[in-house]
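Welcome to a short tour with your viewer open. Please have the model loaded and the selection tool ready, and we will go from stop to stop together.

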Amino acid sequence: AVYVGGAYHLYRAKEISLETPAGTVAGRFNDQELLSVYLGVKGYLFGPALPQEATGIDPYLRADVGFTQFNGADFNAEPIADRSRKFAFSFGVGADVLTYTNVLLFFEIKYEDHGIPDAAGESFRAMPISLGMRYLI
């Protein structure tokens, strides 16, 4: 299956202490907001012809590519990084629980790499675990 999607992530700010050549600096980063748009493929390992007419567990592999927009970063209300867009990708595994109806339950885990935001030292990565419900049209 091929799909297009989007995701919004909000990571709350934290109080931190940083060691610098001038000494310890304590402060707070702003909340980080990520907006991602992606194109993905999902390969079902068993895949019944019509999921609405089946029951059981249907495992799959998934992979996505796209881009993520970062909102920029402030430390103690001073800007330290601009808004930026970066290449992003993810891959993972999951399973649909088929219910012989148009409603199915799913579970998945994936690795996400959102790229390196402006002025950051490392890539922004996550490993979300999702549980949910889908309605098939």
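Select Ser36 to begin: in this predicted model, Ser36 has a relative accessible area of 5%. That is under 20%, so Ser36 counts as buried. To place Ser36 in the fold, colour strand 4, which covers residues 32–44 and includes this serine.

Now show what surrounds Ser36. Setting aside residues up to four places away in sequence, Ser36 touches Gly5, Gly6, Ala7, Phe67, Thr68 and His114. Pick Thr68 out of that group and display both side chains: the side chain of Ser36 makes a polar contact with the side chain of Thr68, at 2.8 Å.

Next, move to Asn30. Where does Asn30 sit? You will find Asn30 in the loop between strand 3 (23–28) and strand 4. Its relative accessible area is 22%, and Asn30 is partly exposed.

Keep Asn30 selected and bring up its contacts. Leaving aside neighbours within four places in sequence, these are Ala13, Asn71, Gly72, Ala73 and Asp74. Zoom in on Asp74: its backbone nitrogen is 2.7 Å from a polar atom of the Asn30 side chain. Then turn to Gln32, whose side chain makes a polar contact with the side chain of Asn30 at 3.3 Å.

How far apart in space are Asn30 and Lys14? The two C-alpha atoms are 8.0 Å apart, while the residues are separated by 16 residues in sequence.

Note on methods: Residues numbered from 1 in each chain as written. Predicted model: local features only at pLDDT ≥ 70, side-chain atom pairs only at ≥ 80, totals over all residues. Heavy atoms only, no water. Helix = DSSP H or I, 4+ residues; strand = E, 2+ residues; numbered from the N terminus. Buried < 20%, exposed > 50% of the residue type's maximum accessible area, 1.4 Å probe, protein only. Polar contact = N/O pair within 3.5 Å; in protein donor to acceptor, adjacent residues only side chain to side chain. Contact = heavy atoms within 4.5 Å.
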